[in-house]
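Welcome! Let us take a friendly walk through a protein model, one region at a time.

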Amino acid sequence: MIPNLDETICAGATPSGFGAIGIVRLSGKDALSILQQVFVPFKKQTDFPKPRRIYFGTFQNGDHWIDELQTVYYKAPHSYTGEDMVEFFHHGSPFIQRKILETLIHHGARLAEPGEFTLRAFFHGKFDLIKAESINDLIFAEHEASHKIAMQQMRGYFSNRISQLRQKLIDLTALLEVEIDFSEEDIEFVDRQILIKTAKEIIKESQLLLDTFKTGNVLKNGIPVAIVGKPNVGKSTLLNRILNEDRAIVSDLPGTTRDYIEDMIYVQGLPLRFIDTAGIRHSEDAIEVVGINKTYEKAAEAEVILLMIEPVDAREEEISSQIEELKNKVPGFSEKKLILVLNKIDLMDELPSHWKKILDFETVFISAKRNENIDILLEKIVSFYQIQPSHLPDIILTNTRHVQAFQNIIKHLKEAIHLIELNSSQDLVSQQCRLAIHELGQITGEITNEDILDSIFSRFCIGK
């Protein structure tokens, strides 16, 4: 997505629907001339429009009045996009917004693509790709921790550290490449041990950042928790109790849940994404079989699996059989955290005969029907993650693009160290250093390509 900066773009910047105020944005080289054609201030002023001043007047298409509204003109480069830009603050009617956009298009603008305003800001040097991504993360932040991470990235902690690492490597690589020009004189401009030390420092810091991704991914996307088990063990009732609302249908009929239901709550600041799945059993019903296969898919995506059983099934061989079934059907099951949830304790007169074996697992006894011990179950899930949202490091990775870049940086620098230790030629060592520099540059956008831009900005809202 390389923007055509000769075109002027427009879009609504507020969600669709009725409200007190709506906002339409206009940006590009013709923004000022279009403003002067469609807006008439109530107070005639010869110096209209002064930048960053609010004007009240009529928005009109020819002689047809569309709305009385306020507008602000931002003169390049002092705007969000770095271009001439206008914002219209109109009455919050979807019809009015649509007519405003139609008028702007009639006068030469076009509808913006998702994220195109921010993309233009990037191209005009208003900020780097890390900050662009953090803007989108900030918009979609749903809790304190994700908001904090996005704000730290917006404030430049991550960008500054990447720039420092990249410059350090550039300086050493430049000296290494000078040596190539003086290879016949056998002059060494950079101590190989210093280069190895620098490469190891960057590898160490890259690995430390990679180690933060698990936490960052949890805080950004939530901890996926799959509720699995036989039909009628109380999975849907448990989900309803956790969410404190009737999200799932509860019935005595087996096979009621034929698709998964998903929702999120926050426990001690951590987002938990619960997934209620279809009951696992042998079935001849084609639709139910699809739901059961979905159960295994969702369990594979989860980090925590709640295996729900009833007292009547709390026998060692039955539990082992269900766990073995999950091992066979759920990829990566051994890496997941399993909690045995013994439901319907209100029906228990005594502990199951094999209760000691049951307690070999992470086990919680609950009554979903009576809402008993649900808080203990939630605390058990959170205890797996030693994350304190109020005490996060300044830099934490939440983006798979950054993860891939740091993995490549480590690979290239390890190869550079290996080549130095083999006393290989400077140009081979330099090539690996250059590849690492390239990866660092891709993180911030100093080096980029259209595919990366498409991937990043296609996730933005239209109008941002």
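## The largest pocket

A pocket here is an open set of grid points with protein on both sides within 12 Å along at least five of seven lines. Keep in mind that this is a predicted model. What is the volume of the largest pocket? The value is about 610 Å³. The lining of this pocket has 30 residues, and the closest to its centre are Lys220, Thr398, Asn399, Thr400 and Arg459.

Sorted by class, the lining residues are twelve polar, ten nonpolar and eight charged.

## A seven-stranded sheet

Next, look for an open sheet of seven strands with mixed pairing. Reading across the sheet, the order is β3-β4-β5-β6-β2-β1-β7. At the edges stand β3 (39–41) and β7 (110–111); each has a single partner strand, so one side of each has no neighbour in the sheet.

Further in, you can follow β1 (residues 9–12) and β2 (residues 19–27), which pair in the antiparallel sense over four bridges. Within this pair, cysteine 10 stands opposite leucine 26 of β2. Helix α3 (residues 116–123) packs on the sheet, where it touches β1, β2 and β7. The direction of α3 makes about 135 degrees with that of β1.

## A six-stranded sheet

Another open sheet has six strands, again with mixed pairing, in the order β9-β10-β8-β11-β12-β13. Its edge strands, β9 (261–267) and β13 (362–365), each pair on one side only. From one strand to the next, the twist averages 25 degrees.

In this sheet, β8 (residues 223–229) and β10 (residues 270–276) pair in the parallel sense over five bridges. Alanine 226 stands opposite isoleucine 275 in β10.

Threonine 212 is in the loop between α7 (192–211) and α8. Is this residue buried or exposed? Threonine 212 has a relative accessible area of 15%, and buried means under 20%, so threonine 212 counts as buried.

Which residues does threonine 212 touch, leaving aside its neighbours within four places in sequence? The contacts are Ile395, Ile396 and Leu397. Leucine 392 is 180 residues away from threonine 212 in sequence, yet the C-alpha to C-alpha distance between them is 9.8 Å.

Terms used: Residues are numbered from 1 along each chain as its sequence is written. This is a predicted model: local features need pLDDT of at least 70, side-chain atom pairs count only at pLDDT 80 or more; totals for chains, interfaces and linings use all residues. Side-chain values use heavy atoms; hydrogens and water are left out. On a 1 Å grid over the protein atoms alone, a cavity is a set of points where a 1.4 Å probe fits but cannot get out, and a pocket is an open set with protein on both sides within 12 Å along at least five of seven lines; lining residues have an atom within 4 Å of a point. Grid points are joined across faces, edges and corners, and a volume is the space filled by probe spheres set on the points. Ala, Val, Leu, Ile, Met, Phe, Trp, Tyr, Cys and Pro count as nonpolar, Asp, Glu, Lys and Arg as charged, and the others, Gly among them, as polar. Helices (H or I, at least four residues) and strands (E, at least two) are DSSP runs, numbered from the N terminus. Buried means under 20% relative accessible area, exposed over 50%, partly exposed in between (1.4 Å probe, protein chains only). Contact means heavy atoms within 4.5 Å. Two strands pair if DSSP finds at least two bridges between them. Axes are lines fitted to C-alpha atoms, for helices over the stretch in contact, and angles run from 0 to 180 degrees between N-to-C directions.
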